[in-house]
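Visitor: Please take me through one part of this model at close range, beginning with a single side chain and its surroundings, and give the cut-offs behind each term as you go.

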Amino acid sequence: MVPAWLWLLCLSVPQVTLETEDGRVLWGPQPVLVHVKDENDQVPRFSQAVYRVRLSRGTRPGIPFLFLVASDGDEPGTANSDLRFHILNQAPAKPSSDMFQLEPRLGALALSPKGSTSLDQALEGPYKLLVQVKDMGDQASGHQATATIDVSIVENTWVPLDPVHLAENLKVLYPHHIAQVHWSGREVHYHLESQPHGLFDVDAEGKLYVTRELDREAQAEYLLQVRAQNTRGEDYTEPLELHVVVMDENDNVPICPPRGPTISIAELSPPGTKVTRLLAEDMDAPGSPNSHIVYRLLSSELEEGTEGRAFELDPTSGNVTLGAAPLQAGQNILLQVLAIDLGGAEGGLSSTCEVSVTITDINDHAPEFTTSQIEPVCLPEDTESGTLVATLMATDADLEPAFRLMDFAIEAGDEEGTFGLVWEPGSNHVQLQLLKNLSYEAAPSYQLVVVVRSVAEVVGPGPGPGATATVTVLVERVVPPPKLDQESYEASIPVSTPAGSLLLIIQPSDPMSNPLRFSLVNDSEGLLCIEEVSGEVHTARPLRGTRPGDVYTVLVEAQYADEPALRTSATLVIHFLKAPSAPAPTLAPVPSRHLCTPRQDHGVIVSGPSEDPDLAGGHGPYSFALGPNPTVQRDWRLQPLNGSHAYLTLALHWVEPREHVVPVVVSHSARMWQLLVRVIVCRCNLEGQCMRKVGRMKGMPTKLSAVGILVGTLVAIGIFLILIFTHLTLARKKDLDQPVDSVPLKAAV
């Protein structure tokens, strides 16, 4: 211990300053610290001369039950104040001389392992322990002091606890005392461990409390641990367990299962078919009456009929099954079931459960036509393919769209596939269409039998075959209107063309068609005329009043000779050209020549006007071109050979065998001629010779005359035979009428 006067001396030490000769400070004023060395001149002291403690039997060894406190006035942290505790003596030294142990540095007094095992045989009287505290740590020298500890051995009151039964929802003042623990030793602190934390508590006297109402459905049992601890939180002994059981009350209503998706039951399902099972839950104690649930069917939105109930319910298991009453597809039913606890007894709690049931459709209906007989449908024989003939409607009583899918087919009456059916998937109507051309001569009428079937397999009693509908189609004879070989015609002629000049020939597109009669319409100027039968168009008069560049349009009309109502028409456009400076030559047809079809490698030589003695004036060279008729330009080719000739050939591989008039325009300087080249197109033999039909020779009989001659000959022969037969009959009769003696005898031989 440093005396006070020494501290004062340290504070009064002067400050020292170091300066140079010129007054500069090399080392300024500095305080001087004087350290006083501590001497071990202080004796340690216990906080008490006598300690009195109670030691409970059952205390675990090594767990301190007393902490000795001593002090030393020497400088802290030095050996002078480093204290050590020791037990000097134990009285009595029974049953063992080392019943206790003292921790040297901390002064913690505890039972030794030997003392713990011998404590049950220890005396009830107190043990006196003489303990020592010494400074200077573990050194042999140092100051020391002693104290006495009286240890009383007491009986162990830390005994197991009986289970505690608490009613749930208990209405009492909280915290509510439920149990008591006690540790007979000294310096005890009670500690409680429980889950959830805060629901139970223990006070300093060892009383256990429940802090609020318990709910058995939240937790039915609790296991609490109570510990007796020293000041350092160390357990004196093993913790005690308290089992708290929460007693059940009927405070929970049955809970219905969540309302799930609608339950689907197929129609026509037999009675007893399982619909669902209701499993309500009760949070009260399992196996107790509080959680015993029974079921009762409240309603099913269906009144009980003569055929019984639609649904049945097992009150114990909650199974719902189909009853005897039939159900129809498409019905949506809401079942209400009452779930009651206490086994249905009075006072039981209940809930209403709901189950949605829908009756699903099965494919038990076959499709049917709305009408089985369609009124006759009349179709002209020239009706185009793809024309709608009739529309048939069908119905299906099933509700499911997949079961209403239909398939249609023509079952009879159309062996050639003239008609077809078209329908959209999922549609209930089908269109009967024409697929091929009709012919009145081949089939004047049809009796079509159309059948409809369900795409999906039909189930249930007696689905039967597919339904049918009959469609009668009457074919009307049609004579097509005449058709010309061109839709329009054009011709170019000089304004000086004389009357009677042939311009072009109007022809039918089919030479084998019925004969036509031709006429001109809108020939306001009367410039043209047409042969009624041949279709040759000529100039009717001189073209006075026309000018080069003018265009003259008329309408050519053609009609059947035997069907005047059937007619057609085409425009004829005449282009007037400038008159040549010299008189135009007379347009004369070129003599006929022949070409072969199919096309062969030869043509027709066309010569210019200078080579023709009938055409006067002018010398070549000439230019040749086909007339403006599109059909002519399509069917023919004209190639110049030289200044006076051109070569006419077929442009197509095949041209109709007949006589063709090909207009060829010849021009030279300002002059222009049109030659009408008559070409016979025919079939040819291998040598390229035209094979013509043999006509009737003069003097040869016609078929009619031949028949007449034959009939006359046969009649004459017949008459001749009749005369002979009559003569023989009369002669024989005359012989029979003569007397016998008048008959001459035959000469004897």
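Guide: Leaving out residues up to four places away in sequence, Leu 208 touches Leu 161, His 176, His 177, Ile 178, Ala 179, Val 181, Leu 192, Asp 201, Val 202, Val 226 and Leu 242, where contact means heavy atoms within 4.5 Å. This is a predicted model, in which local features need a pLDDT of at least 70 and side-chain atom pairs count only at pLDDT 80 or more, whereas totals for chains, interfaces and linings use all residues. Residues are numbered from 1 along each chain as its sequence is written, and side-chain values use heavy atoms, with hydrogens and water left out.

Leu 208 belongs to the largest nonpolar core, which has 50 residues, and is listed with Phe 100, Ile 149, Val 151, Ile 178 and Phe 200 as having the most contacts inside it. A nonpolar core is here a set of buried Ala, Val, Leu, Ile, Met, Phe, Trp, Tyr and Cys residues joined through side-chain atoms within 4.5 Å; buried means under 20% relative accessible area, exposed over 50%, and partly exposed in between, with a 1.4 Å probe and protein chains only. Strand β11 gives the most to this core, with five residues, a strand being a DSSP run of E of at least two residues, numbered from the N terminus. Because domain 1 (45-155) and domain 2 (159-247) both give residues to this core, it lies between them; the domain bounds come from an automatic or database domain assignment. Apart from this core lies another, of 26 residues, among them Val 377, Val 389, Leu 421 and Val 473.

In one of them, the side chains of Lys 128 and Asp 150 meet at 2.9 Å, N to O. Lys 128 lies in strand β10 (residues 127-134) and Asp 150 in strand β11 (residues 144-154), so the pair ties together parts that are 22 residues apart in sequence. Arg 567 is partly exposed, with a relative accessible area of 40%. Returning to Asp 150, salt bridges that share partners join it with Arg 52 and Lys 128 into one network. Arg 84 and Asp 82 make a further salt bridge, their closest N and O atoms being 2.6 Å apart; Arg 84 is buried at 5% relative accessibility, whereas Asp 82, at 28%, is partly exposed.

Thr 418 is found in the loop between β29 (406-412) and β30 (419-422), and it is buried, with a relative accessible area of 5%. Beyond four places in sequence, its contacts are Gln 433, Leu 434, Leu 435, Lys 436, Leu 438 and Tyr 446. Gly 386, in the loop between β27 (373-380) and β28 (388-395), is instead partly exposed at 41%. With its neighbours within four places in sequence set aside, Gly 386 is in contact with Gln 433 and Leu 434, and the C-alpha atoms of Gly 386 and Asn 437, residues 51 apart in sequence, are 10.0 Å apart in space.

Finally, some strand pairing. Two strands pair if DSSP finds at least two bridges between them; β43 (residues 623-626) is joined by four bridges to strand β46 (residues 658-668), the two running antiparallel. The bridge partner of Leu 626 in β46 is Val 664. In a regular strand the side chains alternate between the two faces of the sheet.

Technical notes
A salt bridge is a side-chain nitrogen of Lys or Arg within 4 Å of a carboxyl oxygen of Asp or Glu.
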